[in-house]
Structures are given as structure tokens and as C-alpha cells.
Amino acid sequence: MGFCPRCPNAAGLVEVAAAARTPAIAAPTPLPLSKASDGDVSRIATGMGEVDRVLGGGLVPGGVILVGGEPGVGKSTLLLQLAGALADAGGSTIIATAEESAHQVGLRARRLGVAADAITLLAEHDVDAIIAAAVEHRPDLVVVDSIQTVGVAEVGSAPGAVAQVREAAARLIRAAKHHGFAAVIVGHVTKDGGIAGPKLLEHMVDVVLYLEGETDRGFRTLHGLKNRFGATHVVGLFEMAGTGLAEVADPSAVFVADWQGSIPGTVIFPAMQGRRAMLVEVQALTAPSPLAQPRRSVRGIEVARVHQLLAVLARHAGLGFGDQDVYVNVVGGIRLAEPAVDLAVALALASSRLDRPLGALAAWGEVGLAGELRQVPHGSRRSEEVGRMGLDHQVYPGAGGPRRLIEALQSAGLKAAATGHE
Ligand code: TYD
Ligand code: MG
């Protein structure tokens, strides 16, 4: 047209020379898959059995591990012990701690009995300085405790802000891959969300581990959520003692040590922790409530599951809890997320409500809203572990087993409960 129909000034067109073509990028040569790896990844066993198991064999040079957990759960303790074990195995570690003074770390090391010159401390919050030290001293492992307290000068925001956390982690990851040192990034999980949490970094790192447990109780689980070098959902178990975290070799024995089958309201549940079955004790207590809205207090499993089980017990087994306070607890501060725990909780609730002990009984299975029982994975492993600990009364849905909750109650000896709508 020679002019722009939308402009009031029709003569406003200005001629512009076409930009010169951008120079062609030199084409990179793709690597044949068969040449991509010369075999197995080389691993450095840390010497801490539970950690190595969760990692799938040990640290991988150039691999970056994120260790998340709530403040006070024991991340710094675990990593100092890890550095100590690694030193015993001949490996060196730089611990960059922007959170605590070298003096504080030194005190903790003394308490843990970790004393090795192969562990060096760096009180530094500039990521580039940490990387420079790692390149200079070539340790096997660099620990950054925590990512929320380090930063990069060019990013204007304060440490802990999303942009800082992301850039600091990105630089560390790049440096670890390029220079071939293993790195552990500590990330605090915070409830208020005021500072950027480890979730932000999960996709960037090779391995994601979470250290969990109730801070007022002894047990801690180290849970592998993602692992580019091994299996996920492997769980390591520790006990926090006066001298740091101690590995728990036979969790089942520990968790059922004080269990007394002659008390109503306790049931053994074989929980799956990764590929390993572990017996835990599920307890329920019901008591007449003075409150208009009776109390529901739950530790170790989702409270919504308990509400659902109470409703199913009322509707399909004739066991009402409307005037009862209800307490449910998983002994040892363990948290269970599997639906498989349903049946154990339901039996514990019924046992307490009817005031009848269940004896040496282990149970697992999912309870549906229609009062039906559903099978859950790893039945044979659960059964084996229950047998190993000498419990022979097992109640679970499956071939020949109960198919409805009411049948499970009956086979657990809670027959008088069978006054429901069945
Ligand atoms: P810490 O490793 O500092 O936690 P995080 O780095 O995850 O914030 O651990 C803090 C808690 O662990 C603290 O409450 C004290 C306890 N603790 C022990 O019980 N025994 C020990 O030997 C050590 C070192 C700590
Ligand atoms: Mg710490």
C-alpha cells in the first residue's frame, strides 16, 4: 500500500535495510549412545552404611545431592558424620558453613568424635568463593550448609530469596560437574514459606534426600526421593543419640521392642520402607469424651485417613465413636503414608473401643469407603518380616483372606462387633 492505513500520517513509512543473516552456528556432532558411558559410574563409598544404601552405593563424582529437612532435624549432624566416615575411608571434604561459625562446627565435631584433617571448614557465604576453594583444594566432597544462607554477588536479592537460591545452586551444580567433585547441598524446609525451600531445587540436582522425623523423638529416616544413579524410595533409619545419629540395623526389633500384645488398641503393621519391610506398632486409644466435639488426635499418619476409618467402622461394623475421644499414634515417631496401614489402624481402633486385646497380631491392607478390603503391594515381603519376628497371626486381604472389614474384625477375634449392616 505504501502507507500504514492505521496511522493518521500516511507518509510515515521509513525504509529499513534487512538485517544481515546471523552467522551459521557450527553444528555439534551428536554422540552415539553406545559411546556415552564407559561402564558403571565410579562410586565413593562413604562408609556410612545406611547413607550408602540410600544413595545406591555411595557418592558419585560430579553428582549433586540435595539434603532437605526441617531445621533441627539433624542435617548438619548427619553430614559432619558423613564427612568423618569419608575421611576414615580416605576421602576429603570441605564443609562450607555460612550458618554456623567454625567454632560451633568444631564443638559439634568434638561431640561426635569426628576429628580428621581431611575435613576442612569454610565460613563463607559467597558461592563463587566456595567454588574457587573447591577447585584449588580438590576435595572429594563439598558440603554447602545451607543453600539458603549462601548467595551470588551479582544477584541483588538477599540470601534465601528464590533468585539467589536458584542461581547459587546452578553455579554449584555446574562447578561440580565440570571439576568432578561430589556436592551436598543442604536445604531447610520451612513451614511459613518465607524463604525458598529445597522443592525449588529438586529438578536441578541428581539426588534428592529428605531427613525426617519428629524432632522431639529419637528416630530419623533418610528418604531417597529422586536418584539419577540408583533406586528411589530407599529409606535409611537412624536414631539421634547423645553422640549423633546412630544407624539402626534391625528397625523391626527396635520398633516392636516395647510392644505388649495383651493391651487393647495395639496392632503390628509391616510398613514398606523402600524395598524393606519394617514392623511398627500402631496404637489407638478411645475414651468417653466430655466434649461436645470429641477430640481426634493423630500422630504418624494422615488425620483424614483416621476420620475415614472411623466413618467406615461406624457405618459398616456398627462401631460408633461419636461420643469418644480418639487418639492414634505410630510408635517411634515414624510417619506412614501408605494406604496399607488402614486395616491396622481400624483394628487398633476397634480393639480399644471394645476393650479387647488382639494378642500377637499383624495386619495390613487398604480399607475402602464401602467397607471392603483392598490388597496392597509387597504382601510376601511383609508376611516374611512378620514371620521373622515370630508373629504368626496375620490378617490381610488376599487369597483366602478377609474381603470386608467386618470379616477382618471377626478373624481378629472382635466378633461381638459384628452388629453392623452387613
Ligand atoms: P542439627 O544437625 O544442627 O540440625 P539441622 O542442621 O538439620 O538444623 O541437629 C540439631 C539437633 O540434634 C539438636 O536439637 C541437637 C541434636 N543433637 C543430638 O541430639 N545429639 C548430637 O550428638 C548432636 C550433634 C545433635
Ligand atoms: Mg544445620
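Aspartate 128 and arginine 171 form a salt bridge in which the closest N and O atoms are 2.8 Å apart; a salt bridge here is a side-chain nitrogen of Lys or Arg within 4 Å of a carboxyl oxygen of Asp or Glu. The pair links distant parts of the chain, with aspartate 128 in helix α4 (residues 127-137) and arginine 171 in helix α5 (residues 162-179), 43 residues apart. This is a predicted model, in which local features need pLDDT of at least 70 and side-chain atom pairs count only at pLDDT 80 or more, whereas totals for chains, interfaces and linings use all residues. Residues are numbered from 1 along each chain as its sequence is written, chains are lettered from A and ligands numbered from 1 in the order in which they are written, and side-chain values use heavy atoms, with hydrogens and water left out.

**Salt bridges**

- The structure holds 14 salt bridges.
- Aspartate 128 is partly exposed at 31% relative accessibility, while arginine 171 is buried at 16%; buried means under 20% relative accessible area, exposed over 50%, and partly exposed in between (1.4 Å probe, protein chains only).
- Arginine 171 also meets glutamate 167 in a salt bridge with an N to O distance of 2.8 Å.
- Both glutamate 167 and arginine 171 belong to helix α5, where four residues, about one turn of the helix, separate them; helices (H or I, at least four residues) and strands (E, at least two) are DSSP runs, numbered from the N terminus.
- Glutamate 167 has a relative accessible area of 24% and is therefore partly exposed.
- A salt bridge also connects arginine 388 with glutamate 385, the closest N and O atoms being 3.0 Å apart.
- Arginine 388 and glutamate 385 are about one helical turn apart because they are three residues apart in helix α9 (residues 379-388).
- Glutamate 385 is buried at 12% relative accessibility, whereas arginine 388 is partly exposed at 48%.
- Salt bridges that share partners join Asp128, Glu154, Glu167 and Arg171 into one network.

**Aspartate 206**

- Aspartate 206 lies in the loop between β5 (182-188) and β6 (207-212).
- With 4% relative accessibility, aspartate 206 counts as buried.
- Its side chain makes a polar contact of 2.6 Å with that of lysine 177 and one of 2.9 Å with that of arginine 228.
- A polar contact is a pair of N or O atoms within 3.5 Å; within protein, one must be able to donate a hydrogen and the other to accept it, and residues adjacent in sequence count only if both atoms are side-chain atoms.
- Beyond neighbours within four places in sequence, the residues in contact (heavy atoms within 4.5 Å) with aspartate 206 include Gly62, Gly63, Val64, Lys226, Asn227 and Phe229.

**Ligand 1**

- The shell around ligand 1 has 17 residues, of which the closest are Gly72, Ser76, Thr77, Ala241 and Gly244; a residue is near a molecule if one of its heavy atoms lies within 4 Å of it.
- At least two shell residues come from each of α2 (75-88), α3 (102-112) and β8 (235-241).
- Oxygen atoms of ligand 1 lie 2.6 Å from a polar side-chain atom of threonine 77, 3.0 Å from a backbone N or O atom of glycine 74 and 3.4 Å from a polar backbone atom of valine 73.
- The protein covers 75% of the 560 Å² of accessible area that ligand 1 has on its own, by the Shrake-Rupley method with a 1.4 Å probe.
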